[in-house]
Amino acid sequence: MVISISVVLLLVVLAVIFLRNGGLKFSHALVCALLGFFLASTSMAPTIHEGVAATAEVVGGLHP
């Protein structure tokens, strides 16, 4: 568990650096994909899933 949390934190830092530079190359996209896979295996996954589902429900309920 400690190793996966360390990897998640490293990938979060790399993803933020890549996004701040303004250019998203293939290697950057690969790091972001790996971040997603590692986040899915953490204890934060259900919370993230619920947040995304709630946001999608709010957006789906908007009527322009």
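Reader: Which residues make the nonpolar surface patch, and what makes it a patch?

Author: In this predicted model, the patch is made by F26, L30, L34, F37 and F38, and its area is about 560 Å². Patches are made of residues with over 30% relative accessible area and no salt bridge, and nonpolar side chains such as Leu and Phe are joined within 5 Å.

Reader: Is F26 called buried or exposed, and why?

Author: F26, which has its place in helix α2 (residues 26-40), has a relative accessible area of 69%. Exposed means over 50%, so F26 is called exposed.

Reader: Why is T42 called buried, and where is its place?

Author: The relative accessible area of T42 is 13%, and the cut-off for buried is under 20%, so T42 counts as buried. Its place is in the loop between α2 and α3 (45-60).

Reader: How do you know that the side chain of T42 has a polar contact with L39?

Author: A polar atom of the side chain of T42 lies 2.8 Å from the backbone oxygen of L39. A polar contact needs a pair of N or O atoms within 3.5 Å, and the value of 2.8 Å meets that distance cut-off.

Reader: What makes V16 partly exposed?

Author: V16, which lies in helix α1, has a relative accessible area of 43%.

Reader: Why is the protein chain called more spread out than a compact globule?

Author: The protein chain has three helices and zero strands, in the pattern α-α-α along the sequence. Its radius of gyration is 15 Å, whereas the globule rule gives 11 Å for 64 residues, and because the value is well over the rule, the chain is described as more spread out than a compact globule. The C-alpha trace spans about 40 × 30 × 15 Å along its principal axes, and 16% of the 64 residues count as buried.

Reader: What is the average pLDDT of the protein chain, and which element has the lowest mean?

Author: The average pLDDT of the protein chain is 78, and 91% of the residues score at least 70. Among the elements, helix α1 (residues 2-21) has the lowest mean pLDDT, 75, while α3 has the highest, 82.

Technical notes
Residues numbered from 1 in each chain as written. Predicted model: local features only at pLDDT ≥ 70, side-chain atom pairs only at ≥ 80, totals over all residues. Heavy atoms only, no water. Helix = DSSP H or I, 4+ residues; strand = E, 2+ residues; numbered from the N terminus. Rg over C-alpha atoms; globule rule 2.2 N^0.38 Å. Buried < 20%, exposed > 50% of the residue type's maximum accessible area, 1.4 Å probe, protein only. Patch = residues over 30% accessible without salt bridge, like charges linked within 9 Å, V, L, I, M, F, W, Y side chains within 5 Å. Areas by Shrake-Rupley, 256 points an atom, 1.4 Å probe, with all protein chains shown as cover. Salt bridge = Lys/Arg side-chain N within 4 Å of Asp/Glu carboxyl O. Polar contact = N/O pair within 3.5 Å; in protein donor to acceptor, adjacent residues only side chain to side chain. pLDDT = per-residue confidence, 0-100.
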